[in-house]
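Open the model in your viewer and keep the selection panel at hand. The stops below say what to select and what is there.

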Amino acid sequence: MLLTPPAALTPILTALQRTGARVLVVGGTPRDALLGVVAHDWDLEIHGLGETRLAECLEPFGAHRVGGRCAVWVVAGAEISLPQARGGQINPHLPWAIAAQRRDFSVNALAWDWQAQRLLDHVGGVADLHARRLRVVATDTFGEDPLRVFRAARLAGQLGFSIEARSATLCRQLAPRLQEVPQERIRKEWEALFLRGEHLIRAWDSLALTGAITRFPELRALQAVPQHPDVHPEGDVWIYTGRVLAAAGQLRSGDKTRNIILMLGALLHDLGKASTTLRDPQGRWRAFGHEQARVAAETFLSRYFPGNHLNHQVLPLIRWHGAPYALHREGAGRAAYARLALQVPDRPLLLDVALADARGAGTEYPPAIDVTRKIWQEMNIWTGLPDPLLKGADLMALGFAPGPRLGRALALAHELQVTGGYHDRKPLMAALRRRLPELSLRGDRVYEPPSRFPID
């Protein structure tokens, strides 16, 4: 087994060893090393060194302490802590065999003795690693952190492991206490799942298996929501969303921020179906207007991914994820595709969510995606939109006063510029003058949706 620390961590390890401390690499690092996976995080547990002495040792490296009662320092991308006995009491001289009992799952209770260069396994973690299962270490300490319920689902999706039956039962018993966990900690688990999950259907199933889904009523509402079997043979909206999430995972890039937006779009794209699904006159299940039912998605985002930036990116993906298919089905012209481009900050992201949507239902290469991409590329609006030719001052010269009507006129001017391919201000201004009477009828919307929207 080979563990290679980040370069910035090496001098810290050397300094800790010089103090006579026993340095153990714990958590996911030894687990991932045994699996042949590059470690994302480094966690060190320091034995034989008091809290004050450890702080002095780490101070020259710019470490800062986090948390309250627990002694944890962050430095060089690593978390460094002292062993804790039951009840969370710090005990620098606690044997690892006892400290390991407070870990969540056996595969996370392995430790690598840095000085002796040997693996410590007191709870059968290696055997569980080979069996590819998650097993709770100790029933009497597992409940110390309710977040472990969600972490079980996240690890199942990250590692592709099954959750041992008794451990799943313990998770379900603990699940109601997930409400006690701060939203920021929940967010970090979602981010880890979005960025590292390679077995996302397993993670999705495990949310239900462990009871973690009780923390997320907007997602839970998708369970047993029916869909038309001719369009969605995979089953209800819950099953389908798990498949879309997995398909989106295959479209991730090296950009973490983009990946989180993509995965949120996939996760939340059909939440509106829980409130809009009804039978049509022919007795078929339909979800008319589910793309516009934003309350559930907005609630989820406000709790776990707050901020105007994410709202600005994710909500348009939800609203317009079906539009490429509607435009293709109707044989729409370029102007309609251009108007769609104006609705989303990131056009490639919209097509990725739309593609994941199709693949979740079993269509691997939908032609609507290629057609939309080709049109946007030909119109030079694939990677970005042109800067507006007309500014507020131009329209104020026409008699517009600052206010909502001016904003609508500017939006209309930009729409005309993009859809008409204008490059000069004068002809664009003339076109705008001809369309100004529409402003009193259009309200705040620039783009009217297609007459028939996807209703699956």
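In which helix does Ser167 lie? Select helix H8, residues 165–174, and Ser167 is in it. Helices (H or I, at least four residues) and strands (E, at least two) are DSSP runs, numbered from the N terminus.

This is a predicted model, in which local features need pLDDT of at least 70, side-chain atom pairs count only at pLDDT 80 or more, and totals for chains, interfaces and linings use all residues. Residues are numbered from 1 along each chain as its sequence is written, and side-chain values use heavy atoms, with hydrogens and water left out.

**Stop 1: Ser167**

Stay on Ser167. Is Ser167 buried or exposed? Ser167 is buried, with a relative accessible area of 0%. Buried means under 20% relative accessible area, exposed over 50%, and partly exposed in between (1.4 Å probe, protein chains only). Now show the contacts of Ser167, where contact means heavy atoms within 4.5 Å. With neighbours within four places in sequence set aside, Ser167 touches Leu134, Arg135 and Val136.

**Stop 2: the whole chain**

Zoom out to the C-alpha trace, which spans about 80 × 55 × 35 Å along its principal axes. The chain has 24 helices and 11 strands. Of its 456 residues, 51% count as buried. Among contacts between residues at least 6 apart in sequence, 69% join residues at least 24 apart.

Colour by pLDDT, the predictor's confidence in each residue, from 0 to 100. The chain average is 91, and 95% of the residues score at least 70. Select residues 443–456, where pLDDT stays under 50; for this stretch the model has 40 contacts beyond four places in sequence. Where pLDDT is low, the predicted coordinates should not be read in detail.

**Stop 3: the seven-stranded sheet**

Show the strands E3-E4-E5-E2-E1-E6-E7, listed in their order across an open sheet of mixed pairing. Two strands pair if DSSP finds at least two bridges between them. E3 and strand E7 (118–120) are the edge strands, each pairing on one side only. On average, neighbouring strands of this sheet are turned by 30° against each other, direction ignored.

Strand E3 (residues 64–66) runs antiparallel to strand E4 (residues 72–75), with three bridges between them. His64 stands opposite Val74 there. E4 in turn is joined to strand E5 (residues 78–81) by four bridges, again antiparallel. E4 and E5 form a hairpin with two residues between them, and Ala76 in the turn has a positive phi of about 55°.

Move on to E2. E2 and E5 pair in the parallel sense over four bridges, and Asp43 stands opposite Glu79 of E5. On the E1 side, five bridges join strand E1 (residues 22–26) to E2 in an antiparallel pairing, with Val23 opposite Ile46. Five of the six residues of E2 are buried.

Axes are lines fitted to C-alpha atoms, for helices over the stretch in contact, and angles run from 0 to 180 degrees between N-to-C directions.

**Stop 4: H7 and H10**

Select helix H7 (residues 147–159) and helix H10 (residues 200–210), which pack at an angle of about 155° with their axes 7 Å apart. H7 and H10 are therefore roughly antiparallel to each other. Angles under 35 degrees count as roughly parallel, over 145 as roughly antiparallel, 65 to 115 as roughly perpendicular and the rest as oblique. Residues making the contact include Phe150 and Ala153 of H7 and Ala203 and Leu207 of H10.

**Stop 5: around H17**

Select helix H17 (residues 323–330). Which of its residues are buried? They are Ala323, Pro324, Tyr325, Ala326 and Leu327. These buried residues pack against helix H16 (308–320), helix H18 (334–341), helix H19 (347–360) and helix H20 (367–378). Gly331, which follows H17, has a positive phi near 65°.

Finish with H16 and H19, whose axes come within 10 Å and cross at roughly 50°. That makes H16 oblique to H19. Gln313, Leu317 and Trp320 of H16 meet Leu349, Leu350 and Val353 of H19.
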